[in-house]
Amino acid sequence: MLTQSAKDGFDTLLTQSLKSGMAPSGTPVEVSVLADDAVIPEKKMVVLTVSSYLFRLMAMFYFTPDAATRAHFARLNNIDAAEMSEQTFMDAIAESGNLCCGILNRDLGNFFPHIGMSTPNVIDSNCAAYLQTLNCQHVRHFAVDMDGAPRFHVTLSVSAYADIDFAVSADELGSDTGELELF
């Protein structure tokens, strides 16, 4: 139901959103594709869903709640890691996933009308073992590397409810996260 062009499009749009939403401004981000999820060691994940009438996309952002991860998200939010409570830390991770999926949601809006996005949910990474029960037509695992941060992993899964074919060109890629517009 998903053409190779559509799979590549989902991958490209997610990769671009990870580069925009996972690192402080100006920090280079390298996103690479992994052969499988056997190398994903993180213990927790934030799960978000982007859906339309035609598909359901799940993005799973894996993390380990340790000092290095805390330091990265503190830096990303311009606060001192020592001042982060456990709730602030989890909120920062969830908000980063939310930002990435918001960018993805916006860019997918160029191709699909009527798209909605879930709120972030933090769950145990062992839940990813049940991904095959969702009957996904496309599953891709990514490694996200940047200076001064631990390696993060992200899984993309797409279930299609109709034939989907689209191609992403450079014109459709968002260049930034946008600006807040006040009315």
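Is Asp145 buried, partly exposed or exposed? With a relative accessibility of 25%, Asp145 counts as partly exposed, where buried means under 20% relative accessible area, exposed means over 50%, and partly exposed lies in between (1.4 Å probe, protein chains only).

1. On the basis of these notes: this is a predicted model, in which local features need pLDDT of at least 70 and side-chain atom pairs count only at pLDDT 80 or more, while totals for chains, interfaces and linings use all residues. Residues are numbered from 1 along each chain as its sequence is written, and side-chain values use heavy atoms, with hydrogens and water left out.

2. Searching the whole structure for salt bridges gives four, a salt bridge being a side-chain nitrogen of Lys or Arg within 4 Å of a carboxyl oxygen of Asp or Glu. One of them joins Asp145 to Arg151 at 2.8 Å, N to O, and Arg151 is partly exposed at 40% relative accessibility.

3. Another salt bridge is formed by Arg106 and Asp107, at 3.2 Å from N to O. Arg106 is partly exposed, with a relative accessible area of 34%, whereas Asp107 is buried at 2%.

4. Arg70 takes part in two of the contacts described here. Its side chain meets that of Glu86 in a salt bridge of 3.0 Å, N to O; because Glu86 belongs to helix α3 and Arg70 to helix α2 (residues 67–76), this pair ties together parts that are 16 residues apart in sequence. Helices (H or I, at least four residues) and strands (E, at least two) are DSSP runs numbered from the N terminus. The charged end of Arg70 also sits over the ring of Phe89, 4.5 Å from its centre, which requires NZ of Lys or CZ of Arg within 6 Å of the ring centre and within 35 degrees of the ring normal. Arg70 counts as buried at 19% relative accessibility, while Glu86 is partly exposed at 46%.

5. The whole-structure search also finds seven aromatic pairs, meaning rings of Phe, Tyr and Trp (its six-membered ring) with centres within 6.5 Å, where planes under 30 degrees apart count as stacked, over 60 as edge-to-face and the rest as tilted. Phe10 and Phe112 are stacked, because their centres are 6.4 Å apart and their planes lie at 0 degrees. Phe112 also pairs edge-to-face with Phe166, at 5.3 Å centre to centre and 85 degrees between the planes. Both Phe112 and Phe166 are buried.
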